[in-house]
Structures are given as structure tokens and as C-alpha cells.
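Subject: Structure for you to look at

Hello,

Here is the structure I said I would pass on. Please open it first, then read the notes below it.

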Amino acid sequence: MALLLKIQNLCKVFNKNTINENVLYDNLSLQVEEGEFVTIIGSNGAGKSTLLNLISGTLSADEGSIMLNGEEMNRMPEYKRTKFIGRVFQDPSKGVSPGMTILENMSMAYNKGKTFGLGMCVNKNNIKIFTEMLSQINLGLEDKLHTKVGLLSGGQRQALSLMMAVMSKPKLLLLDEHIAALDPKTSERIIEITDKVVDDNKITTLMVTHNLNHAINLGNRVFMMHGGNIVMDVKGEEKSRLTIDKLLKCFEKVQGKEALSDRVLFS
């Protein structure tokens, strides 16, 4: 597989030169190959979401390099990175426009990176395409194209956000605890949809999660982060032998007993 994401010597300091200075990353380096599905676990403050923010451009790195498909991202503003990067947030409202209909939201996502006038944003010729896409996730959204997204449930909004995030076929998909705000039953349905969407699109994915079962059962690689470092990197055959017990022992090793009191889910 070809190398897609290469991060070298990444540094990020919050509240620099103050009493609250926090050096999160100090020369963090990692590589992700094209087609990999990486689940990222770690306790609160480990640097998981910050990593996604730096890759997407929500935050700027102090030093280091973020290369995506051979192109340096640090010199590229966030809005330009969206051409290459899709993202689904923890908040179901962040990836959609609640005041717009499903059709309008999907039309905007479908036209991302293309030149279009506002009057031509919704193209009726695309309705069949959108209907077919939505029917695949079995949530009844294909019958609600003219419904405002703000009237949908959190799970329906996350499913829609996920579909919209991959419509422009980005090089990289970032999932930032995208089921954390959902109830357990809905969370499992969104995870099923996630697995299908990633597999169908063969898209390189980084997924932050606190659910150890999801970390083990999804994807082909696991990062465990602690204190801004990757303390465990398991993939392939080694990942297939992972268990929750092994992950907990790794947590205990890097953090001590506090690991068990942190926000880690087992099912």
C-alpha cells in the first residue's frame, strides 16, 4: 500500500510561556498507509482530538510537518483541506446545517470543491443519486429529502453527516468520537453504517473512540495515545489477537490505576 499520511516531528504547545503551559506534542511522528482504518484510543487529554484538529487545520501546529498524499498541509488553510479531508464530529449538529433540508445539505456536500452558483446548488438531477445513497443505510432518510435536518434525530443526523463526508471522495476521513452523543442502540447502528461506508468507499480513516470493543473490532490498526505520544501501535495479525484485557493492561502500564477511572467504555 502507498503512504497517504506522514506526520513528522509535530509539536504543539498550549498557553505557551504562561503558568498553564501544556506541551502536548513534542516531536510526534506517525505514518498511515492508503486504505488503512485506524482506531485511536486513550484517556482524556491524551491528544486524540487535537491530532485530528491539526490534520484538518482547525488548529495550527507550532512545528513539524503534516503530509497528505505527498502534499504539505501546514501551509494550507482549513477550508482548502476539506477538498482532501472529510470529517464527522461528536456533536451531531456540527457536520450539517440544521436549517436546511436533507436535499440542500447533500447538494452542498456533493458540490464541495466544484464551482457553482447559489441558484444551481440544488440540482434535481441528483435527487435519484441521493435517494439511492440514503436507502443503503436503512434509516428512512430517502423519504425525507425535503425535511429540515434540525428535525431529525441525533443518529439520523450523524448518519447523514457520514454520508456527506464521503460524497466528494476525500483522501482521508476523520471520525472524532462521532457516536459519543448518541444512545447505545443508535451508537451501534451508526458504527454498522460507519463500517459499511468506509469499506464501500475504501477510504483511509482515523477514528477516535473510547469504546474498546469498537477499537478491537473495527479497522485494521489501533493507536493508543498517552501524553501526546503513541504508546501502542498494533495492526494486522497482532491486532486480530487483541482483547479488552490486553488493552486494559496497556492502559494500566502507561497510566497506573487512573486508567480504569477514566472515560473508557467496554461495550
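Of the 267 residues of the chain, 46% count as buried. Please keep in mind that this is a predicted model. The accessible surface comes to about 13,200 Å², and carbon and sulfur atoms hold 49% of that surface.

On overall form, the C-alpha trace spans about 55 × 40 × 40 Å along its principal axes. A compact globule with 267 residues would have a radius of gyration near 18 Å, and the 19 Å of the chain therefore agrees with that. The secondary structure consists of ten helices and ten strands. Among contacts with a separation of 6 or more, 68% join residues 24 or more positions apart.

Now the inside. In soluble globular proteins, nonpolar side chains tend to be buried together. In this chain, the largest nonpolar core has 35 residues, and Ile 102, Met 106, Leu 134, Leu 160 and Leu 173 have the most contacts inside it. At least two residues each come from α3, α4, α5, β7 and α6, with α5 giving the largest share, eight residues. Another core, of 27 residues, lies apart from this one and includes Leu 51 and Met 225.

Following α5 is Lys 169, with a positive phi near 55°.

Lastly, Met 106: beyond its neighbours within four places in sequence, its contacts are Phe 130, Met 133, Leu 134, Leu 160, Met 164 and Met 167.

Regards

How values were computed
Residues are numbered from 1 along each chain as its sequence is written. This is a predicted model: local features need pLDDT of at least 70, side-chain atom pairs count only at pLDDT 80 or more; totals for chains, interfaces and linings use all residues. Side-chain values use heavy atoms; hydrogens and water are left out. Helices (H or I, at least four residues) and strands (E, at least two) are DSSP runs, numbered from the N terminus. A nonpolar core is a set of buried Ala, Val, Leu, Ile, Met, Phe, Trp, Tyr and Cys residues joined through side-chain atoms within 4.5 Å. Buried means under 20% relative accessible area, exposed over 50%, partly exposed in between (1.4 Å probe, protein chains only). Contact means heavy atoms within 4.5 Å. The radius of gyration is taken over C-alpha atoms; the globule rule is 2.2 Å times the number of residues to the power 0.38. Accessible areas come from the Shrake-Rupley method with a 1.4 Å probe; for residues, only the protein chains shown count as cover.
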